[in-house]
Structure formats: structure tokens, C-alpha cells
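Hi there,

Here is the structure I promised to pass on. Have a look at it first, and then read my notes below.

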Amino acid sequence: MIGVASKSIDITRLPSRVVHETSPNNLIVCTVSVFSGAVLGLSAPGFDQWYLAWVGLVPLILLCSSSKNLKQAFLRGLLFGAGYEMFYLNWIFGLHPLDWLGFNPWQSCLLAFGALFVWAMQQALLVGIFAVFCRLIPMTGSILPEKSGQLWRIPAVMVIPAVWVLWMNKLGNAHFLCGVPWGMLEYSQYKQLFVIQIASIIGGIGIGFLIVAHNALLASLIATYSGSAGFQSLATGCRTKAVMQLGVFIAIVLLAFTLSYRAVCQVNWPANQAVSILQGNVNFNMLLSKQKVINQADIPFLNLISKCSQSLCVGTENALPYDLYAAPQTCKLLADTAKRRKLNIVLGCLHSEENRNFPTTSAPVLPVSNSSRCNSAIAIAADGSALNIYHKRFLVPISEYTPQFFQLLKSAFNLPSQWRVKSLVSGQEPGVFKLSCGSVAPLICVECMSPELAASSVRAGGELLITLGDPSFLHDAMVGRQMIAFNVLRAVENRRFVAFACNTGPSAIIDPAGRIVLQSQHGKVELMSGKVGFNSELTPFCRWFSALVRF
């Protein structure tokens, strides 16, 4: 009989894909995936459970690590993302009721839930692909690369956050892919002034990186203590090392937060410019669907302007829901009001290239790709003259323009011609209104999600950011609160005051430290008066981010 020498095998040296324990029941794992994502969704602005963002990704990371194959990793990521996005985007259900469009209650509920489900699943798909990336890349729980046989394993604390921000914040939600990067983790911290001050250096995207890195180190600690072979790709050599890594990371991050917060406490941004925000609380779509005269829709805003005593007056997106230059009487009324009351007025309107001139003066128009209708903002100076017209650069798929894939589907399935959506044309350049009080840079609606657009407006000379919003087709205040969170990050990144004018509210004035100085109520007509300031200095984030975008 031939004897065979036995040799012990150290499973910790095997590649992570080889070692797996028997997986739990698939139904249980699917339930855990959805539930864990929903818990993380409670960190969203509006729910305001901000601390969950720092631990809520741990289940997803562990689920990816213990997946037997790419298909399983994708499914777990998809379910986790679905739970997360359904909670984060729950305000979309505020489309109900749609009786103003002629739908009965059950049809309205079905359509509203369908819209929520489609957008949530589109974002969940990105989370599923993120899980596949994490499953493909050989990782280690150590902060230094390790060699396992012929395979180098890269530190999870670097790979996971880098893949997350590159994919979820940028590539996966790129505009040409019809992406709308709404549910980013960094916005959960908008009320934590101690945390967000570092955004002037690393941006909101940097805060997102730190959040995901903390989750990765915490997952590594759990994997190391559990001793499970399924988590081996996240485990370190020993428990002490895992604890020390997490402790050192927390200490460094807290030190960075402390230094940036202390620096802000020593800076004073003077707020010496009076501003009034006009919150009309008008659902223009309802007015138009009921065949009312379109000019009736501007009555609330024109009435508010007549009551405005501040030198800077800010209306909302679609404050005048028609082509302003095609309405000479309204143009003359605004010009006369601005001149008589010495008001600088900024408000939203539609604009067509065919109507280029304000009746009282020639107003330069920023270029668009062709002659068509744009979602725009206009400034009327205190002498009654019109300044540059700014055209919205980030259009919302389906709602504001027809994506190419929709045209292909329409052709492939021979859909009737009535199946079409609004097709606006996007602007190409940032806009800056040079008013007598200072230089104002407008953003329209979802553009406040984009650090690129806000930073480009600041680099173009914007000393004050103004965001015009109109979520009037929704009946939920949470969408306004989440837009306030976006504007808080843009204020800190660029160290600018932000005046956010939201048609149905809440509107807000935010200072350069991210403090919400004033906030209006949802669902009310309101003239909110406060003070803002102008700042011309560029932050480190604005400078390096500009170079990165150009690269």
C-alpha cells in the first residue's frame, strides 16, 4: 500500500472565489438584501437618519463577497438597490392623485407606483452592476496589497469606494445614459455641519468616498471576526489588525472633519444683500390641463413681485410658464415694476430662439444647439433692461426631452404619434447675470444635483448661486427637502450663498457653511425675505474639480 503524505492547507491563502461555505436559503438572502437596502434608504434627506449611511452598505459588501458567482452577486446587488431606491425616491408616488389629467384613483396609483418602480429599478440596476465589479476584483481586507499564489489582491478599502463613486456618481449615471444621480449617499449628511465642511476641499463626492470606505473597513472587521470562508476576500490576517485599521481610519477622518470645521468657524461671510424668494405654489400643469387661460398662471408671481420690497427678487422655475418674449404686455409690466421699485428680478420662463429680444432692450441670448424651445431663466435689472437669458443644461429624460432609445422603441413597436414627450433643447454654457448688487449664477431644478454645473457657473464668475425649482406636479414635500440637501452641498463646495426658490416649497436660503438660514413651508404661497452675500474666491474643490473635468 502506498502511503500518501498529508499536508495541511491554509484556506486564507486561497483566492476568494475558490472558498465558499454552503450558502443560506436563497429566499432568506433575497429578503435580507431588500431589507438592508431599505434600511439604508432611511438615511435619505427627509428621513434624516444620516448615521445609517456610515454602516448601511456593510450588508451589500458582505453579500457581494459571499456570492458564489457573478449572477448571484448581481441579483443581490439589484435587490439591495431596489430596497434603497424605493425608499429614497418614495416622493415619486406623490404624482398621485392624477385626477387633473383625467385618471381615476386606482389608475393614478398605478401610474405613480409605476413611475417610482421604473426609476428605482433603473438605479438598482446600477447597484447590481456595482456588485458585479466588486465580485470580479480580487480584494483583501488589509490596507496594503497582498499576493495569494499568482494573484494580487487589492485593498477593499480603496477598491470599493473608488468603484462606487466612479460608477454610481459618474459613469453609470452619465447624462448620455439618461442617468439622473439623485440618490447619492453624501446628501444624507446635509444637516451634519461638522462633516460637510471638508466638501470645500474634496467635494460631496469625496464625502461619499469616505462613507463607503468606512463601510468597507467595517465589513472587513466583521469578516475577520466571523472567520467565515465566504467572507475571506474581506478578512485581514488577524483581528487586532482589523480593529487597528478601522480605528486609524476613524481617527484620521475625525481629525480632517475637525480641522475643516474649525477653519469655517473662523471665517465670516457677510450677508448684506436683501433678497426675496417668491413661492407661488401653483400647479401649472393643472391650470393648462383644465384649459384655463395660460396668463392666469403668472398671477401669483406677479402679485408677489408687486409686494416685494427687497432689491433682489427671485422667482421659481416656470414662474412664467410660457415664452416670455412672446408676451410683450408681461415684459413691459416686469420692466416697469423693476424700474419703479428698483428691483433686480430673476425668474424662470420658457424661451424660443425665434423670440430673441426683450421689448425694452436687446438681451444677449446664450447659444443653444438649434432653434427650439428652452427651459430658461432671465434676469431683469433695476433699470428695466433684460440681461442674459440662461438655458437649462441638464434636461430630465422623458420629462423634458425624448431619449434616443425612446425614439427607437416608438419606431420598433409602431407606437402612435401621440406617444411623445416634450422635447426641449439644452443650453451649452453657464450663465452669469451681472446685476447691480453682484454677479448671480442661476441653476434650474435638477442642475443642483450636479457639482460640475455648479462649479462651472462659479468659475464663470458667479458670486451667488440661485436655484429655481418647480416640483409642482408632485404632492410631496420630501422632493423639496432633498433638493435643499443638494443645494447645501453645492453651497459648501463652492463657498457661496444659495437662494433656492421652489414653486410649491420648501424654499431656502443657505449660507456658504451649509447652514439653512431660512426655510419656507411646503404647499403655501409665501414671500420669504432674508439676506445673502457675494463671494468671488474659488475653493480648492472648485479648482481641482475643474482641472479633472477638463482632463
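This is a predicted model: local features need pLDDT of at least 70, side-chain atom pairs count only at pLDDT 80 or more; totals for chains, interfaces and linings use all residues.

**Aromatic rings**

Trp91, Trp119, Trp182, Tyr187 and Phe486 are joined into a cluster by ring pairs. Residues are numbered from 1 along each chain as its sequence is written, and side-chain values use heavy atoms, with hydrogens and water left out.

What makes a pair? Rings of Phe, Tyr and Trp (its six-membered ring) pair if their centres lie within 6.5 Å; planes under 30 degrees apart are stacked, over 60 edge-to-face, and the rest tilted. By this rule there are 15 aromatic pairs. Take phenylalanine 194 and phenylalanine 257: the ring centres are 6.0 Å apart and the planes are at 80°, so this pair is edge-to-face. It links distant parts of the chain, with phenylalanine 194 in helix 6 (residues 193-196) and phenylalanine 257 in helix 8 (residues 239-265), 63 residues apart. (Helices, H or I with at least four residues, and strands, E with at least two, are DSSP runs numbered from the N terminus.)

Phenylalanine 257 is buried at 3% relative accessible area, whereas phenylalanine 194 is partly exposed at 32%. Buried means under 20%, exposed over 50%, and partly exposed in between (1.4 Å probe, protein chains only).

Phenylalanine 541 and tryptophan 544 form another edge-to-face pair, 5.5 Å centre to centre with 90° between the planes. Both sit in helix 15 (residues 540-550), three residues apart, or about one turn of the helix. Phenylalanine 541 is buried at 1%, but tryptophan 544 is partly exposed at 36%.

Now find the open sheet: six strands in the order 10-11-12-13-14-15, with mixed pairing. Two strands pair if DSSP finds at least two bridges between them. Strand 10 (433-435) and strand 15 (516-519) are at the edges with a single partner strand each, so one side of each has no neighbour in the sheet.

Strand 11 (residues 438-444) and strand 12 (residues 464-469) pair in the parallel sense over five bridges. One to look up is alanine 441, whose bridge partner in strand 12 is leucine 465. Helix 13 (residues 451-459) packs on the sheet and touches strand 11 and strand 12 (contact means heavy atoms within 4.5 Å).

Enjoy exploring!

Methods:
Axes are lines fitted to C-alpha atoms, for helices over the stretch in contact, and angles run from 0 to 180 degrees between N-to-C directions.
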